[in-house]
Amino acid sequence: TMLPKLEFEAFATAAKELGVEDLPAAYDEAMLEDEAFLQKVHHALLDVHLIDGNLVCPETGRLFPVKEGIPNMLLHEDEV
């Protein structure tokens with residue numbers, strides 16, 4: 001399973017910002033056996049899409065625009 005490799009707190013925060021309210025802020029190994037929990041994670045990972053908006057870098061606060069589901073993550077010349 002890939003879940004232990006996922007930075008779950010960041011994932012849950014991002015999912016909440018996209019409208020997925022039913023994920024816990026953290027998880028433990030016992031939750032890997034919980035079918036309802038796994039369905040919620042699956043939904044947040046694979047069924048939720050950002051069509052138009054912005055991705056925000058948590059370290060710098062820089063905005064990366066998303067238009068029609070395509071993020072523009074190109075840096076400006078002064079950022080290279």
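Student: Before we start, what should I know about the model and the numbering?
Tutor: This is a predicted model, in which local features need pLDDT of at least 70, side-chain atom pairs count only at pLDDT 80 or more, and totals for chains, interfaces and linings use all residues. Residues are numbered from 1 along each chain as its sequence is written, and side-chain values use heavy atoms, with hydrogens and water left out.

Student: Great. Let's take α1, then: which of its residues are buried?
Tutor: In helix α1, residues 8-17, the buried ones are F8, F11, A12 and A15. Buried means under 20% relative accessible area, exposed over 50%, and partly exposed in between, using a 1.4 Å probe and protein chains only. Helices here are DSSP runs of H or I with at least four residues, strands are runs of E with at least two, and both are numbered from the N terminus.

Student: Why are those four on the same side of α1?
Tutor: Because they cover an arc of only 95 degrees around the axis, the arc being that of the directions from the helix axis to the C-beta atoms. In general, an α-helix has 3.6 residues a turn, so residues three or four places apart point the same way.

Student: And which residues are exposed on the other side of α1?
Tutor: That would be E9 and E17.

Student: What comes after α1?
Tutor: G19 follows α1, and its phi is positive, near 100 degrees.

Student: OK, back to the buried side. What covers it?
Tutor: The cover includes α2, residues 35-47. F8, F11 and A15 of α1 meet F37, V41, A44 and L45 of α2, where contact means heavy atoms within 4.5 Å. By class, that contact has seven nonpolar residues, no polar and no charged ones. Ala, Val, Leu, Ile, Met, Phe, Trp, Tyr, Cys and Pro count as nonpolar, Asp, Glu, Lys and Arg as charged, and the others, Gly among them, as polar.

Student: How do the axes of α1 and α2 cross?
Tutor: They come within 10 Å of each other and cross at roughly 65 degrees. Axes are lines fitted to C-alpha atoms, for helices over the stretch in contact, with angles from 0 to 180 degrees between N-to-C directions. The two helices are therefore roughly perpendicular; angles of 65 to 115 degrees count as that, under 35 as roughly parallel, over 145 as roughly antiparallel and the rest as oblique.

Student: New topic: what is the phi of E68?
Tutor: Phi of E68 is near 55 degrees, a positive value in a residue other than glycine. Most residues other than glycine have a negative phi. E68 lies in the loop between β2 (63-67) and β3 (70-71).

Student: Is E68 buried or exposed?
Tutor: Exposed, with a relative accessible area of 63%.
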